[in-house]
Amino acid sequence: MLIIDYDVGNIKNVQKLVESFGEDVLISAQTEEINLASSYILPGVGAFPDAMARLRELRLVDVIRHNVLVRKKPILGICLGMQLLGNDSEEGGYTEGLGLLEMSIRKISVTDEFRLPHIGWNDVKCEKESVLLNGLPNNPDFYFVHSFHAQCINRSIITGTCKYSHEIVATVEKNNIFGAQFHPEKSQSYGGQIIKNFINYCKISEND
Amino acid sequence: MIKTRVIPVLLMQDGMLKKRIRFCETRTIATPVTVARVFESRRSDELILLDMGRTVDQEDIDPYLISQIAEELYMPFAYGGGIDSLKKIQEVIKCGAEKVVLNTAAVLTPKLISEGARKFGSQCIVVSIDAQKNDKGVYEVFIKSGKQPTGLEAHEWAKKVERLGAGEILINSIGHEGTMMGYDLELIKSVTDVVSIPVIAMGGVGELSHVPPAILEAKASAVAIGSLFHYTHVTPNMVKETLAAAGIPVRMNNPEFIL
């Protein structure tokens with residue numbers, strides 16, 4: 001498994017969690033290594049435009065798209081990483097994303113009662129059977145910290161939602177592409193289960 | 001729905017955890033890594049570690065200690081103490097902390113807030129405000145571990161901090177901290193009334209009944225608690241039970257993350 005290191009955010013804790021399941025992890029932004037890896041985690045903290053600029057600077061956009069769309073390798077986007085899987089974001093203007101999932105990233109709209117960023121533990125409702133949420137009890141809490149959310153053109157990719165000032169998409173899935181708006185590496189045991197489920201999916205699909 | 005966070009606060013000096021009373025005396029409690037481990041096993045929502053021994057313009061942060069603490073934790077962790085540059089913010093985050101807490105440097109160099117938010121994201125930047133009533137009856141902001149008055153009014157500074165891009169405000173009462181006499185609700189509300197970012201209440205909790213008013217009356221989004229956890233038998237789960245009984249949603253019943 002390769003954690004894509006594009007200098008945006010804290011990779012250490014993601015690495016720690018994945019390795020805790022006995023999985024070997026490579027941290028890299030090298031094209032050759034990305035092409036050789038069998039699965040990916042795209043972490044992310046910070047702003048969408050900067051993150052995309054960084055991915056472009058490192059010439060990773062096409063490499064990621066090719067490996068995920070053509071070679072069908074699994075990818076899990078976390079927080080900003082999930083948002084980057086989408087078509088575009090209005091954060092800081094208008095920026096195109098990786099275009100791997102049909103979603104647009106918009107600012108969470110709030111009334112007086114709700115503050116931004118959406119920070120803290122919130123419970124996720126499982127909307128349909130999903131790889132990531134498999135084996136979890138009803139309404140598990142995960143740690144969220146974000147001000148923008150995914151609007152999905154096709155709701156069929158939504159597997160988990162939570163409630164804030166409005167519904168917020170918490171997890172998305174389409175074939176080999178997965179996203180979690182919350183931070184599994186900061187969500188203790190339920191977060192661990194998410195990663196474990198992704199690892200198991202990767203193992204099974206590698207054997208296919 | 002979003003849960004109210006209960007956040008243990010660890011104050012550190014010379015590598016050891018301290019209890020601080022009204023920003024004057026300190027008493028040693030334990031080693032931070034051990035205590036972090038305990039709070040992780042108790043499934044705390046989050047942890048704040050403030051290194052009082054470090055102030056601005058001093059030597060670099062201690063990456064080894066921050067890494068050691070981050071290693072124990074599978075929940076978010078905010079670190080503060082003399083952080084006065086983008087480089088230090090980057091180092092702290094690289095060591096494994098999710099958030100940095102800026103205090104003195106935020107006042108002395110406000111653009112650190114905006115530049116930090118720009119580079120690392122607002123969610124990484126927590127601005128801590130230490131305040132107490134001055135003889136004009138106004139809540140004044142103090143820096144350098146509560147020693148230096150700034151002439152800034154707490155709620156005005158809070159508004160500016162939000163405009164600059166901070167993700168959260170940690171509002172701390174100098175007069176109440178360590179006294180265990182309860183939060184300074186008036187101070188907390190003066191800040192929550194004027195900002196739309198989450199506010200974490202800190203300073204003064206001595207018993208369980210002190211906690212719900214910070215949320216219900218003073219409108220804080222989270223409660224930071226120090227002395228109560230260090231000096232009494234009270235645990236974060238007991239605080240949560242008290243909040244839940246008051247009708248406040250909290251995160252409960254989460255199994256321990258066992259490797």
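Start by selecting A:Gly99: its relative accessibility is 29%, so it counts as partly exposed (buried is under 20% relative accessible area, exposed over 50%, and partly exposed in between, with a 1.4 Å probe and protein chains only). Before you click on, note that this is a predicted model, where local features need pLDDT of at least 70, side-chain atom pairs count only at pLDDT 80 or more, and totals for chains, interfaces and linings use all residues. Residues are numbered from 1 along each chain as its sequence is written, chains are lettered from A and ligands numbered from 1 in the order in which they are written, and side-chain values use heavy atoms, with hydrogens and water left out.

**Still on A:Gly99.** Show the cartoon and you'll find this glycine in the loop between β6 (95-96) and β7 (103-107) of chain A. Strands here are DSSP runs of E, at least two residues, and helices are runs of H or I, at least four residues, both numbered from the N terminus. Now bring up its contacts (heavy atoms within 4.5 Å). Leaving out residues up to four places away in sequence, A:Gly99 touches A:Arg65, A:Leu84, A:Leu85, A:Gly86 and A:Asn87.

**Hop to B:Ser67.** This serine sits in helix α2 (residues 63-72) of chain B. Its relative accessible area is 17%, so B:Ser67 is buried. Which residues does B:Ser67 touch, not counting those up to four places away in sequence? Select A:Lys12 and B:Cys95 to see them.

**Next, a helix pair.** Colour α3 (residues 86-94) and α5 (residues 111-120) of chain B; they pack at about 45°, with axes 10 Å apart. That angle makes α3(B) oblique to α5(B). Axes are lines fitted to C-alpha atoms, for helices over the stretch in contact, and angles run from 0 to 180 degrees between N-to-C directions; under 35 degrees is roughly parallel, over 145 roughly antiparallel, 65 to 115 roughly perpendicular, and the rest oblique.

**Zoom out to chain B.** The cartoon has 10 helices and 12 strands in this chain. Of its 259 residues, 59% count as buried. Among chain B contacts with a separation of 6 or more, 67% come from residues 24 or more positions apart.
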